[in-house]
Amino acid sequence: MQPTTGILADSAIAELHASGAIRAGKAFDDDQIQPASLDLRLGALAYRVRASFLPGPGHTVKDKLDRLKLHEFELSEGAVLETGCVYMVPLLESLKLPETVSASTNPKSSTGRLDIFTRVLTDHGQEFDQIPLGYEGPLWLEISPRTFPIVVRTGSRLSQIRFRQGTSQLGEEELRALHKSETLIAADNPNVSGGGIALSIDLEGSGKGSLVGYRGKHHTAVVNVDRKAEYDIDDFWEPIYNRGSADLVLDPDEFYILVSREAVHVPPMHAAEMTPFDPLVGEFRVHYAGFFDPGFGHAGVGGTGSRAVLEVRSHEVPFILEHGQIVGRLVYERMLTLPQRLYGESLASNYQAQGLKLSKHFKSPLPRP
């Protein structure tokens, strides 16, 4: 039986574009439409602002910008965005959604792994990253690099949007049943609560002396977000090894790349999202980039053993993580239709069958001497 509610797949996203519900300042890139989302592209101008803001009812983003901007600059030739600063950029894509379609946004995986904090705003919006039913108007991206200064330009893709019709999230009983039939995570008795299925942290790796994570360095060179395999890991990251204790103290204001203990599976007729902050498991934020596309970790497209790479920041106090500790939850949603192409069936699927892996901008690590 065909679902009547769910996440819109790639073919439906293409139809939204063809009908004018998704408008673009230039033609779509060939790989811009993903199995269950659309990459969003930066426009021509960036605005440095004094602080993050929401427009609120009766106000456009541009209204607030006129009061809060410090200066503006062009992105056509590329520009550096500095750490600790807040920028607003109009996106090339705008919307005129049908009254039955809403949307949400999230940073792309590579954006989160660079510790770039991004959120999408709409005119009259009272929430970040949420686009209401039938929204018509522009989209804006708030950008705040946290660890590395970055180079961006018109057309750079830092965020993605997922469209949905009706209520699509699985309840806990549905989630348990799906895990029983599809094995969503590599655990016999997973913790299903809070509307999601729990993931724990791997701090053992392959044993004592093995690599279990990375900590971002301070005062580095810039990272050009449009380049792949460009940068040496040692110039930007400090490796973290298992020294026999299988725990890790998260220091405030430090950024960590870690990996889940369990492999993750997203069946073809489902999509998933990681909750970014769960006060029930500790005072830290995990996973800026939360979207998992249909087919992630799916054996049929080479995804066996795919782990969830976690971008982790402690909050106000140091926090000790121990191996096997719950660090976040995956929420699953049903798809409205089967995607034409699953995650992993494209060269653009950078993180299929991944273990502990940095963003695509960095070269492969050298063997440890």
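Tutor: First, the ground rules. This is a predicted model, in which local features need pLDDT of at least 70 and side-chain atom pairs count only at pLDDT 80 or more, while totals for chains, interfaces and linings use all residues. Residues are numbered from 1 along each chain as its sequence is written, and side-chain values use heavy atoms, with hydrogens and water left out.

Student: How many helices and strands does the chain have?

Tutor: The chain has 4 helices and 26 strands. Both are DSSP runs numbered from the N terminus: helices are H or I of at least four residues, strands are E of at least two.

Student: What share of the chain is buried?

Tutor: Buried residues make up 54% of the 369 residues. Buried means under 20% relative accessible area, exposed means over 50%, and partly exposed lies in between (1.4 Å probe, protein chains only).

Student: Why is Ile257 called buried?

Tutor: The relative accessible area of Ile257 is 0%. The cut-off is under 20%, so Ile257 is buried. Ile257 lies in strand β20 (residues 255-263). Its contacts (heavy atoms within 4.5 Å) include Arg113, Trp237, Val309 and Leu358, not counting residues up to four places away in sequence. The C-alpha atoms of Ile257 and Leu358 are separated by 7.3 Å, although the two are 101 residues apart along the chain.

Student: How do you know that β20 and β24 pair?

Tutor: Two strands pair if DSSP finds at least two bridges between them. β20 and β24 have 6 bridges, in the antiparallel sense.

Student: What makes β24 largely enclosed by the rest of the structure?

Tutor: In β24 (residues 307-314), 7 of the 8 residues are buried, so the strand is largely enclosed.

Student: Why are β6 and β17 called edge strands?

Tutor: Their open sheet has 3 strands in the order β6-β12-β17, with mixed pairing. β6 (79-81) and β17 (223-224) each have a single partner strand, so one side of each is left without a neighbour in the sheet. β6 and β12 (residues 150-152) pair antiparallel over 3 bridges. Val80 has Val151 of β12 as its bridge partner.

Student: Which strands stand at the edges of the open sheet of 5 strands?

Tutor: The order is β14-β15-β26-β21-β23, with antiparallel pairing. The edges are β14 (192-193) and β23 (291-292), as each pairs on one side only. Further in, 4 bridges join β15 (residues 196-200) to β26 (residues 326-334). Leu199 stands opposite Gly328 in β26.

Student: How do you know that the buried residues of α4 line one face of the helix?

Tutor: The buried residues of α4 (residues 172-182) are Leu175, Leu178 and His179. Seen down the axis, they fall within an arc of 100°, so they line one face. The arc is that of the directions from the helix axis to the C-beta atoms. Exposed Glu173, Lys180 and Ser181 sit on the face turned away from the buried side. The cover over the buried residues includes β14, β15, β21 (270-274) and β26.

Student: What makes a set of residues a nonpolar core?

Tutor: The members are buried Ala, Val, Leu, Ile, Met, Phe, Trp, Tyr and Cys residues joined through side-chain atoms within 4.5 Å. The largest such core has 51 residues, of which Phe163 and Trp237 touch the most other members. Strand β7 (residues 86-96) gives the largest share, 4 residues. This core draws at least three residues from each of domain 1 (6-165) and domain 2 (172-334), with bounds from an automatic or database domain assignment.

Student: How far apart do the C-alpha centres of domain 1 and domain 2 lie?

Tutor: They lie 24 Å apart. The contact takes 33 residues from domain 1 and 29 residues from domain 2.
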